[in-house]
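I opened the model to look up how its parts meet. My notes follow.

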Amino acid sequence: MTFRKLTSLDAQFLAMEDGRAHGHVSVLSTYAPYTADGRRLTAEVVRDLVAERLPLLPPFRWRLVRVPFDLDHPYWVDADDVDVSYHVQESALWAPGDDRRLADHVAEIIARPLDRSRPLWEIHVISGLADDSVALLIKMHHAAVDGVSGAEMLRVLLDDTAEGQPVMAPHCAEPHRRPSRAELLGRGLTNMCRYPARSIRAAVRALPHLDEVPTLRGVPGVSTMARHSRSAKAILERTNTAEGTELVAPRTRFQTAISPRRSVAFGSVSLAEVRAVKDHFGCSINDVVMAMCASGLRSWLADEGELPDGPLLSFVPMSVRTPEQTGTFGNRVSVMMAELPTDEADPVERLHRAQATMTAAKQRHQALPASLLEDANDLIPPALFAHATGTALRHGASFLQPAVNAAISNVPGSPTTLYCAGAEQLSQFPISGILHGVGLNITVFSYRQELSIGIVVDRDQLDDPWPLLDAVRNSLTDLTAAISTRPAV
């Protein structure tokens with residue numbers, strides 16, 4: 001790649017940043033303190049590993065270049081001077097170095113934006129943990145990678161064996177070239193002339209489904225516009241009108257504008273126990289995860305005296321990346337919205353309702369164009385996009401009808417042990433991002449025989465997320481206990 005333009009979906013993760021909201025996502029892993037050959041796992045060892053594999057990690061070399069006057073979305077260009085010593089940083093915990101101290105340190109790191117003058121990634125090597133293990137926090141910007149492509153990046157950095165793997169640098173057919181300012185201006189003007197036709201095509205695909213876009217569905221008039229567009233489409237195509245399901249998100253403490261500060265909690269549950277619940281009640285692992293999140297939120301909100309009468313509403317990121325798009329990085333994602341049955345008191349009935357709502361959400365999602373999020377963004381000219389997106393997210397959070405209550409995702413990980421520079425990976429936790437109006441994110445990874453849970457919240461909305469994490473984890477105990485008393489499906 002010499003240079004390539006960001007899609008409107010990629011650019012959205014830049015446009016949302018305002019000093020309080022950030023567009024990066026992270027993963028926290030802990031490792032054995034020593035590599036297979038007896039070296040201590042230090043920042044210098046990690047720097048050597050990254051430098052060796054940098055040719056295989058394109059987003060680690062990409063640097064942003066803005067189009068003059070912001071006439072178009074920015075471009076990625078290859079940087080020839082990546083300063084690995086800057087990007088791989090080291091720090092240490094104060095005693096006692098327990099999970100809470102590590103979570104507080106991680107919260108401080110993810111609250112800082114990435115430097116846009118450099119490739120948008122960082123690796124933090126953290127020592128001082130109580131058990132002498134070493135933690136790595138990897139930050140990558142969502143403008144460059146989504147969940148699937150981020151996992152591809154991790155698999156380049158990590159190995160299946162302690163001995164590692166030979167690194168074969170890809171063939172570079174042409175030298176890296178940075179586009180000139182005049183060239184970028186010319187491209188921007190050309191694309192600006194093409195925008196009206198592109199916007200019309202995007203509108204045809206997006207308008208009937210705008211009420212399925214979490215960032216837009218709370219805007220007054222959007223649901224009406226989507227409903228009328230569906231009716232017009234049905235008339236033109238001579239089909240039955242497909243009405244959208246009315247999903248309502250009650251307002252909770254997380255449905256306001258966020259601050260720059262973050263709180264983090266992480267932990268794990270037995271994957272074998274989750275599978276036992278799945279097998280007994282005839283559902284999927286994802287259904288169990290959604291039921292656990294609903295149960296944990298119900299318990300925690302009830303303790304706080306804040307439990308709404310109706311169910312909460314979550315948005316769930318979904319990959320729409322095709323096999324042909326493997327290794328292309330950027331964003332190939334969509335979202336689906338699913339109710340969280342926090343209004344159901346019985347844990348087993350809550351699981352069955354979670355399964356039913358996920359099934360309904362998947363059916364709605366299958367009717368949506370894979371490019372819906374990008375099409376919705378393409379309705380706004382690039383010259384206005386960043387300002388309009390930031391303003392809508394920031395000011396709409398407190399005054400508009402809440403779009404959703406929480407972001408929840410479940411990402412399958414490696415069932416076998418991974419290694420970093422020969423050091424065994426002991427655990428892996430997702431540390432995702434939050435938005436204005438959606439100040440709660442619960443993400444789940446599987447690694448080896450554990451299901452790892454990472455919770456990120458706005459610190460001004462919730463200073464201590466550990467009781468919420470405990471409530472989510474404890475909900476699995478209720479479901480496993482029900483295996484012996486409730487009939488199998």
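**Entry 1: the domain interface.** I began with polar contacts. Between domain 1 and domain 2 I noted 20 residue pairs in polar contact, both residues at pLDDT 80 or more. A polar contact is a pair of N or O atoms within 3.5 Å; within protein, one must be able to donate a hydrogen and the other to accept it, and residues adjacent in sequence count only if both atoms are side-chain atoms. I then listed the elements that give two or more residues to the side of domain 1 that touches domain 2: helix H1 (8-15), strand E2 (24-31), H2, helix H4 (99-110), strand E7 (134-141) and helix H5 (147-157). Helices (H or I, at least four residues) and strands (E, at least two) are DSSP runs, numbered from the N terminus.

**Entry 2: ground rules.** This is a predicted model, where local features need pLDDT of at least 70, side-chain atom pairs count only at pLDDT 80 or more, and totals for chains, interfaces and linings use all residues. Residues are numbered from 1 along each chain as its sequence is written, and side-chain values use heavy atoms, with hydrogens and water left out.

**Entry 3: domains.** I looked up the bounds. Domain 1 spans 4-157 and domain 2 spans 262-484; such bounds come from an automatic or database domain assignment. Their C-alpha centres lie 22 Å apart. I found 60 residues of domain 1 in contact with 49 residues of domain 2, contact being heavy atoms within 4.5 Å. The two domains bury about 4400 Å² between them, and 61% of that is on carbon and sulfur atoms. Buried area is the accessible area (1.4 Å probe) that two parts lose on being put together, summed over both.

**Entry 4: salt bridges.** How many salt bridges cross the interface of domain 1 and domain 2? The rule finds 3. It asks for a side-chain nitrogen of Lys or Arg within 4 Å of a carboxyl oxygen of Asp or Glu. I also checked Asp-146 and Arg-321: their side chains form a salt bridge at 2.8 Å, N to O.

**Entry 5: helix H2.** I listed its buried residues: Ala-43, Val-45, Val-46, Arg-47, Leu-49, Val-50 and Arg-53. Buried means under 20% relative accessible area, exposed over 50%, partly exposed in between (1.4 Å probe, protein chains only). Their cover includes helix H3 (84-87), E5, E6, E7, H5 and strand E12 (419-420).

**Entry 6: Pro-55.** This proline sits in the loop between helix H2 (43-53) and strand E3 (62-65). Its relative accessible area is 33%, so I put Pro-55 down as partly exposed. Its C-alpha is 9.3 Å from that of Val-167, 112 residues away along the chain.

**Entry 7: backbone.** Most residues other than glycine have a negative phi, and most peptide bonds are trans. The bond from Ala-95 to Pro-96 is cis, with omega near 15 degrees. Pro-96 lies in the loop between strand E5 (88-92) and H4. Asp-132 has a positive phi, near 70 degrees. I placed Asp-132 in the loop between strand E6 (121-127) and E7, partly exposed at 36%. Arg-448 also has a positive phi, of about 55 degrees. Its loop joins strand E14 (440-447) and strand E15 (450-458). At 23%, Arg-448 is partly exposed.

**Entry 8: cysteines.** I found 0 disulfides, the test being cysteine sulfur atoms within 2.5 Å. Is Cys-193 buried or exposed? Cys-193 is exposed, at 64%. Cys-420 is buried, at 2%.
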